[in-house]
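I would like to walk through one model with you, and I will give each cut-off as its term comes up.

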Amino acid sequence: MRLACGIIFICIALALPALSSGAASVNIPSGDSIFRDIERLEVKGLIKSGMLSTRPLGRYEAARLTVEAQEGYAVLRKKAPSQARDIIERLHREFRGEIEGFADGAYFKPLERAYVHYLYGEKTPYFKSVNNSGDSYAGGSNIRAGLQLSARLGDSLVLSLNPEYRLDERGSGDGIKTGYIAFEAGNFSLQVGKDSMWWGSGAHGGLIMTDNAKPLEMIKASSERPFLLPWIFGRLGLFKPTVFLARLEKERSHSNPNLLGMRLDFKPTERFQIGFNRVFMFGGEGRRSLSASEWLKVFIASDSSEHTGSPIDGNQIASIDASYVYVNDFRYLPFSGMKLYTEWGAEDSSWDTKTPSGRANIYGAYIDEPVWFSDTDLRVEWANTARSARYGPQWYYHGTYYPGYTYKGAVIGHHMGGDSKDLFARLQYHASVGTRVAVETDLEENRVHSASTTKRRWIAADLSHRLINGLEVAIGAGIEKTYGSRDKTGTAATGWLSFSRDF
């Protein structure tokens, strides 16, 4: 992990002179359904250079992957499943301007999307509020309406704004949900502003970075696209580094601490990908600046820098995630393709062992056409931060930086928090071009090693249909049940309806 941190900065320097797509690109939000379509094409064997475990992606990168899928489909036309063509055509319509103007970056949309969401909760919804950019719904009626706007400032600068209006039982208000300015030179991308990120292949959660909390106010440097290292090192495979620095909120034990994050994506083969992740919380009111030697101790995770009482104690979390795509070309197994993925995390260290004392893990499988059911996919994902009675309750928490790895009241990593377990499953049927029917369930257990364990159960169904001219309508309903020694047992229904249009 220490070596990976150094490689991240080297890779960013090497990415600077790489060939550019010709213009800066706005991001596709990390929770957009476009990522599900691209992932389906990846599992069908039509995308081989994508790195979907780091989101968001720029529109030009998504357009590049669409072109790659088109070319892959042309080669495998007789073997490629017919539904892949429908996905490619839908993505081509979405990124038609970027694809046709790919060479000179001439395409641009000032108004990208408009949307209206309505949700009614019999009680305060829990499951519909997670992985929702820090927006928690209230009991009763909830309305969200917003626009995704952008403006180009020359070829290398682009501005993105997502103003949103909110109305619920607690009142009404408006604000900027996300907003940033992005600069691109070569393959180097620099972004300043407020945005969400997601690290890892997990669809329901990640150990380090998700869009569960509000978008971070940050400076982020990364490569726009994966790239090969020069000389003989190009044989190693594709790389994509990301580094960010964010400032957290004032209402903490030490006001406005900083959060430094680093990620390195590495793809040695077309089907195997690995990611190295690390975040470090430091600074804030009442904490002194670190000297160069102290920064070195922090960077190598020296044991003396990892304990409460140390003047350089900081909240550090690290993880490694990996995924492998298997395409069943010969149909011997009961599916057409599968992505297996995992993430292993650790935080802080022990005086005695000098090794990380908090451990957590995620395992998941995404299966295309399970039991040969055409146009169907299944995802099953298991997450666990309660691996031990001693350290499970400490995962995401920190004695110096109370309340720990959170931002404005929500966990930055997996929404379930520390000392918890979560099993998620979702089955989808793609009925026709742009139509999807799905059912999902979630079994979550919190405070596993305490006397006040809480269990939550969720089952839901939803349907979405894309109409002409980029208009999409989605409707769904779910029932959640909560029971435990601290929370009163109760069952509540939730229903939602949304309209969005891409321009």
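What you see is a predicted model, in which local features need pLDDT of at least 70 and side-chain atom pairs count only at pLDDT 80 or more, while totals for chains, interfaces and linings use all residues. Residues are numbered from 1 along each chain as its sequence is written, and side-chain values use heavy atoms, with hydrogens and water left out.

The protein chain has six helices and 25 strands, where helices (H or I, at least four residues) and strands (E, at least two) are DSSP runs numbered from the N terminus. Of its 503 residues, 55% count as buried, and here buried means under 20% relative accessible area, exposed means over 50%, and partly exposed is in between, with a 1.4 Å probe and protein chains only. Taking contact to mean heavy atoms within 4.5 Å, residues 24 or more positions apart account for 62% of the contacts with a separation of 6 or more.

Now to the interior, where a nonpolar core is a set of buried Ala, Val, Leu, Ile, Met, Phe, Trp, Tyr and Cys residues joined through side-chain atoms within 4.5 Å. The largest such core has 33 residues, and those with the most contacts inside it include Phe244, Leu259 and Val279. Among the elements that give it two or more residues are β12 (238-247), β13 and β14 (272-282), and β14 supplies the largest share, four residues. Apart from this core lies another, of 20 residues, among them Leu57, Tyr73, Ile88 and Phe95.

Which residues does Gly261 touch, not counting those up to four places away in sequence? They are Trp199, Thr242, Val243, Phe244, Arg278 and Val279. Gly261 lies in strand β13 (residues 258-267) and counts as buried because its relative accessibility is 0%.

Turning to the rings, the structure holds 11 aromatic pairs, where rings of Phe, Tyr and Trp (its six-membered ring) pair if their centres lie within 6.5 Å, and planes under 30 degrees apart count as stacked, over 60 as edge-to-face and the rest as tilted. Phe280 and Phe282 form a stacked pair, because their ring centres are 5.3 Å apart and their planes are at 15°. Phe280 is buried at 5% relative accessibility, and Phe282 is buried at 15%. Elsewhere, ring pairs link Tyr126, Phe127, Trp458 and Trp496 into a cluster.

Helix α2 (residues 34-43) is largely enclosed by the rest of the structure, because nine of its 10 residues are buried. The buried ones include Asp37, Glu39, Arg40 and Glu42. Just after α2, Gly45 takes a positive phi of about 85°.

Strand β24 (residues 471-484) holds Ile475, which is partly exposed at 47% relative accessibility.
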